Amino acid sequence: MKELGIAALIGCALATASFAQGIVIGLVDFDGTELRLDDYTNNIWTPDTISGFGLGTSAAANAQGTNASTLHGSGDIFAPASREFVGANDFPLPDGQSDDSVSAAAGGDLFTGDELGIATDAFGNNGYFAVTDLINTSSAPQTGVAEFVFDIDDFELLALSVDVAAMGDFEDANDSFTFAISFDGITYTDVITSDIDEDGSFIYEHLDTNSPVDLPDPLVLNGEVVDGSFAQQIRVDLAGTGEQLYVRFTANADGGSEAFGFDNLTIFAVPGPGAWSLVFALPIVAGRRRTRL
């Protein structure tokens, strides 16, 4: 039997994978990876200097500049972040975001009694998109809107996935988190929506120390209660096609003790006719799912 060449073998493997779960064609990991990302906008925190940082989605890029809205304070955030860097305007991670019970995040202080935070010492210096306390008595935007535009030309979309984490006593009237998509920016459809379980509570066990912590009114996304570990991946199928996929994240958040974050915004697709050359040109992206510690 004639042996298959390496390219053919890879092609067969990719074909099998593409129909099973899709090929990763778009990714933002907030550590600097911007796979097929055409644009990124943020109505609250946009570094004014992002030279060398792509389109500014990395935590390192956010740490370089000043806020587009300087009226938001040091306890507020709607931006890529990491324990490794202080944020724009030299703001450290808000207390609700950072668990400082074992070690202090950049610009913060060690607090051995800390019982809040989704960015733990065990989570390390991973970049992610952080949201805390946007509703303030100021003329700054009270609703955060971040948009990611991916090049999907020649691909038939299959799914979007995102790793999520949350912790806090949320309020249905003040806290909401939504991911919407649009093909070519024409019509937006909500694909991930939030709810608050105001009749329930949740035991958070992800903290470095001082776990478990039982809090009322946990955040729910697409019917799932969200814990604080970033181990949860929400994946949704997408219907439609176009040249660009717009992913719009919108948040309302009130309260410095409530934290939300997401990581590894990923687009999966099945190649359409004539797109296999693009598949072979894509870098190999290893999965970054994190397991509960």
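Modeller: Buried means under 20% relative accessible area, exposed over 50%, and partly exposed in between, with a 1.4 Å probe and protein chains only. The model is predicted: local features need pLDDT of at least 70, side-chain atom pairs count only at pLDDT 80 or more, and totals for chains, interfaces and linings use all residues. Residues are numbered from 1 along each chain as its sequence is written, and side-chain values use heavy atoms, with hydrogens and water left out.

Colleague: Is D133 buried or exposed?
Modeller: D133 counts as buried because its relative accessibility is 14%. D133 sits in the loop between β5 (128–132) and β6 (144–151). Strands here are DSSP runs of E, at least two residues, numbered from the N terminus.

Colleague: What about the phi of D133?
Modeller: Positive, about 55°, although D133 is not a glycine. Most residues other than glycine have a negative phi.

Colleague: And what is phi at D217?
Modeller: Near 55°, also a positive value in a non-glycine residue. D217 lies in the loop between β12 and β13 (219–221). D217 counts as buried because its relative accessibility is 15%.

Colleague: New topic. Which peptide bond is cis?
Modeller: The one from S211 to P212, with omega near 0°. P212 is in the loop between β11 (201–204) and β12 (213–216).

Colleague: Where is D172, and how accessible?
Modeller: D172 is in the loop between β7 (155–167) and β8 (176–183). D172 counts as partly exposed because its relative accessibility is 42%.

Notes. Helix = DSSP H or I, 4+ residues; strand = E, 2+ residues; numbered from the N terminus.
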